Amino acid sequence: MAVALSCVLGELCHLPWPARDFRDHLDVRRGKKTGKILAEFLRFYEDQYGVALFNSMRHEIEGTGAPQTQLLWRKVPLDERIVFSGNLFQYQEDNKKWRNRFGLVPHNYGLVLYENRAAYERQVPPRAIINSAGYKILTSLDQYLELVGNSLPGTTSKSGTAPILKCPTQFPLILWHPSARHYYFCMMTEAEQDKWQAVLQDCIRHCNNGIPEDSKVEGPAFTDAIRMYRQSKELYGTWEMLCGNEVQILTNLVMEELGPELKAELAPRLKGKPQERQRQWIQISDAVYRMVYEQAKARFEAVLSKLQLARPAMEAVIRTDMDQIITSKEHLASKIRGFILPKAEVCVRNHVQPYIPSILEALMVPTSQGFTEVRDVFFKEVTDMNLNVINEGGIDKLGEYMEKLSQLAYHPLKMQSCYEKMEPLRLDGLQQRFDVSSTSVFKQRAQIHMREQMDNAVYTFETLLHQELGKGPSKEELCKSIQRILERVLKKYDYDSSTVRKRFFREALLQITIPFLLKKLAPTCKSELPRFQELIFEDFARFILVENTYEEVVLQTVMKDILQAVKEAAVQRKHNLYRDSMVMHNSDPNLHLLAEGAPIDWGEEYSGSGEDSGSPSIPEAATLSEKRRRAKQVVSVVQDEEAGLPFEAGPEPPSPASPDSVTELRGLLARDLQAESPLPAGPLPNGAPAQESPQLESLQSVAAPEASSPLASPLQQIPPGKAVDLEPPKPSDQETGEQVSNPGGRPPIHTTTEDSAGVQTEF
């Protein structure tokens, strides 16, 4: 590191805590170990970039794409929306106190924490922005203490000793990361804990999927480079920390090697009681993680810029010599195939083929149940809406109903029953055999597919209904049209979900079996691969790699068994899969043309009035605070479906003289708090007051839609008196980007960096 690691270690234990105070002593930017790992990985990345570019251009020219989907897809699913907002308690490590915070999840799923809701509405910069990629949610202190004890051997607290953390309520939520800092929250009720758990799990699911799927070159090059690098260290199988954006994943890769070395050196030198040593280690690990991140970001961006500058020249070579490159690669593949095919076929026949049906069945049962649940939830929501149209408001209320339905796929609680179907996924007996470290990668991938298919179904329904409304139907005609469109969309959903599931099963089987085969074949085949290098023309060496071609040949040996297994499974009606012979061609040729129009604003077009719809139009001259208060929120209905929280006040009524005035509501809530809340009326444990603000405001409710939650706050501080439209805050690139403001004028204790958006984030 800045000083050699062995020199720094002697200083660490004598420096004052917390670890952030000796950040300069752990400056990794000049570190030898980190620099060596990054340099080695980036060589793999440069090699894979040329291969990925060639594959992308070949795919584009040959046009071998997936079959046409039946459902439409939404281009900007959560534009200017908030997923969730509400109050929660957060543990402050600097003063060891619990503080009330107003938390908000914008459309990019970065959890933003404010001092309170009033601070948020006054546009005070947030106290923290958390990118949750790589985190796990824990709902009990016992789970957390067990993980912390396992992370640092010899620090397990004896019974009766004070733990590292005390929670003032029975409903904690802890965000745990193997290397980065941990975040501690608690709620007042079990119901609120469940809500926040579902929302934060959605944040993790979204942030883990940090590499854009539309990245046809950089994304595949990066993931292939990660796999090749780890295989060069004889690490095969799935990797649980392949989550987040490229820099986060690269930081995890470095910490995978650096962490154990640092732990071995530091653990014996930590002083104090077990819980104090645990706290010290968490702080040290987080400090190292942040500095590794900074170095990884700088190095990766430099290499990526170099490759992007070289890309036009590479593309010109590929276009000119495409046929020759393909011929050269096929010649190389035939030679490698002749060498390894006999060995690979024996390995597949003896060690893989017998287990494919078991793996497939283990994957299919929960996945098919989850997609069936998606279908059922969609059917129920549309049917309920249709009944409401008949019984309550007709077309006048349609805008309000459709506004809620349009965000169904992004409602964590309504989608929770779908996601939960994947939780029983187990590969008992097979997980160890095939070196699958965790099934979480398959669970999250299936859950993302579920959300996408739900949104596609909803969007297709919206588009068809919007077209039907142009005919001016009566209430009775509208209800019949809704039912007819629902049946039409469900047929399309069945076909698309079958296609998506079959593709998911194939990809999962390859993810499980290919690393296993490569590991089995490595002792006899890998050492012979260099001799095939001479078969590649020097001009094409950037686009054809022996290692990649070797893996493709191995893949082909097992692919036919995988395809056959999935094909046979499609015959079994219990999984509700279409056979491969069932292909729907242009069943709705004009449908995709409808999706080219402007996005539908149901609140504006079909509401009886702005105030009734919950989505009132906002004049251009409206203040920013007014816009923030009236922003649409996906999960606003959460607060309406159950009773209000003990520590929240009801929405402020228009007239103080109304029967449910603020004063009366405060009195009712105070009585509820005394009767139900486990939180003491005096200070919380660790000396924190029960509430920082005298009265907390509630979230948006259906009964009072005009009190909808505001848009996310900007990171940049706006000069007083300057009214501008601002983007919602983006989750920090760093997983641990906390403390973006410095209340009270206290000098910052962390260094400050500037992210790619030009926003300063204090660590």
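Two strands pair if DSSP finds at least two bridges between them. Strands here are DSSP runs of E, at least two residues long, and helices are runs of H or I, at least four long, both numbered from the N terminus.

Some ground rules. This is a predicted model, where local features need pLDDT of at least 70, side-chain atom pairs count only at pLDDT 80 or more, and totals for chains, interfaces and linings use all residues. Residues are numbered from 1 along each chain as its sequence is written, and side-chain values use heavy atoms, with hydrogens and water left out.

Now the hairpin. β1 and β2 form it, with four residues between them. Look at K96 in the turn: its phi is positive, about 55°. β1 covers residues 82-92, and β2 covers 97-106. The two run antiparallel, joined by 10 bridges. G86 faces G103 in β2.

How many residues of β1 are buried? The count is 11 of 11. Buried means under 20% relative accessible area; exposed is over 50%, and partly exposed lies in between, using a 1.4 Å probe and protein chains only.

β1 has another partner, β7, residues 183-187. That pairing is antiparallel too, over two bridges. Here F89 stands opposite C186.

Zoom out to the sheet. Seven strands make an open, antiparallel sheet, ordered β4-β3-β2-β1-β7-β6-β5. β4 and β5 stand at the edges with a single partner each, so one side of each has no neighbour in the sheet. Towards the β4 end, three bridges join β3 to β4, and L113 sits opposite A128.

Next, two helices. The axes of α10 (398-405) and α13 (440-469) come within 11 Å and cross at roughly 160°. Axes are lines fitted to C-alpha atoms, for helices over the stretch in contact, and angles run from 0 to 180 degrees between N-to-C directions. The helices are therefore roughly antiparallel; that label needs an angle over 145 degrees.

Who meets whom? L398, M402 and L405 in α10 touch V458, F461, E462, L465 and L469 in α13. Contact means heavy atoms within 4.5 Å. The residues split into seven nonpolar, no polar and one charged. Nonpolar covers Ala, Val, Leu, Ile, Met, Phe, Trp, Tyr, Cys and Pro; charged is Asp, Glu, Lys and Arg; the others, Gly among them, are polar.

Last stop: Y419, in helix α11. Y419 is buried, at 2% relative accessible area. Beyond its neighbours within four places in sequence, its contacts include D202, R205 and Q447.

How values were computed
Parallel < 35°, antiparallel > 145°, perpendicular 65-115°, else oblique.
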